[in-house]
Amino acid sequence: MQDTNIDLDSKEKLIGIPSKLVKQDICIEFHNISFKSKTNGRRNSDLIGDPVTLRTPYEIFQLISKYEYHTKVWARNKKRFVHALESMRFIEDPIDSNNIVIDLLFSCTDTEALPVINKNSKDRSRKTFNFEENEGHEKLCHAVFIGKKDAYFGRFHLETGQNTTALQASLLLKRILKLISMEDKNNVFFREIYPSTLDTPFYIEYEAQIESVPEEDVVEKISSGNFVELVL
């Protein structure tokens, strides 16, 4: 696959150590992802029922990409851990444009992290890195969506051990979509016409549903060679 019209300019630069390479095992969790439509009870007041509109993951991520999504965070543990979607890029299959891969980068910042201690393994000397005000320890988590543009579900592969779980990713996506709908209240993406009326708006919320793929399915794909290579 190849990149197509991808804007990789980000509002914030990720700091790394280009002079040093770190080798480590990366564990990947395999999931399916879809988005559920539900009524926006706060805006629908006396209207009952569930919406009939469904959105594909591709449509959802396309919508999110149009906003300052990296500023729309979700916090847990009394706001100690702050989750954000830092970046995303869309990669189309040059042979079949309906095939899409979406690279995602999540972050989790521990705002109450203890100082980081660097220890020299030879002379046993130590250096301490203290966090200043409004700073914290950030861990980055790679994820990838693999699927069809017109499909209502697809594969969601998530890097583990980086303080972002599938549940936390789904709650963050729900939070981002909610904030977008509040910011852009007239966006038709979040409403439909209420049944049996001509022009009564019925407002919609979307929730990500991320479910683990059965192990047998993964083993079968590996055994048959029908698998996607992930390069992080």
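## A cavity, its lining and the salt bridges

About 60 Å³ of space lies in the largest cavity of this predicted model. How many cavities of 30 Å³ or more are there? The count comes to one.

The largest cavity is lined by Asn40, Lys174, Leu177, Lys178 and Ser181, together with Phe190, Ile204, Glu205, Tyr206 and Glu207. Two elements stand out in that list: α3 and β11 each supply at least two of the lining residues.

Lys178 and Glu205, both in the lining, also pair with each other. Glutamate 205 and lysine 178 form a salt bridge, and their closest N and O atoms are 3.4 Å apart. Glutamate 205 sits in strand β11 (residues 201–212) and lysine 178 in helix α3, so this pair ties together parts that are 27 residues apart in sequence. Lysine 178 is partly exposed, at 31%.

Lys174 and Glu207 both line the cavity. Salt bridges that share partners join Lys38, Lys174 and Glu207 into one network.

Now take the salt bridges as a group. The count comes to nine. One of them links glutamate 92 and lysine 149, with the closest N and O atoms 2.5 Å apart. Which parts of the chain does this pair tie together? Glutamate 92 is in strand β4 (residues 81–92), while lysine 149 is in the loop between β8 (137–148) and β9 (153–159), so the parts joined are 57 residues apart in sequence. Glutamate 92 is partly exposed, with 23% relative accessibility. Lysine 149 is buried, with a relative accessible area of 17%.

Another salt bridge brings together the side chains of glutamate 59 and arginine 55, at 3.9 Å from N to O. The cut-off is 4 Å, so this pair counts. Arginine 55 is buried, with a relative accessible area of 17%. Glutamate 59 is partly exposed, at 30%.

Where does its side chain reach? It reaches the backbone nitrogen of threonine 165, at 3.0 Å. Leaving aside residues up to four places away in sequence, glutamine 168 touches Trp74, Arg76, His83 and Asn163.

How many disulfides does a search of the whole structure find? The search finds zero. A disulfide needs the two sulfur atoms within 2.5 Å. Cysteine 108 is buried, at 0% relative accessibility. Cysteine 27, in turn, is partly exposed, with a relative accessible area of 47%.

Key: Residues numbered from 1 in each chain as written. Predicted model: local features only at pLDDT ≥ 70, side-chain atom pairs only at ≥ 80, totals over all residues. Heavy atoms only, no water. Polar contact = N/O pair within 3.5 Å; in protein donor to acceptor, adjacent residues only side chain to side chain. Contact = heavy atoms within 4.5 Å. Buried < 20%, exposed > 50% of the residue type's maximum accessible area, 1.4 Å probe, protein only. Helix = DSSP H or I, 4+ residues; strand = E, 2+ residues; numbered from the N terminus. 1 Å grid on protein atoms, 1.4 Å probe; cavity = no way out; pocket = protein on both sides within 12 Å on 5 of 7 lines; lining within 4 Å. Points joined across faces, edges and corners; volume = space filled by probe spheres on them.
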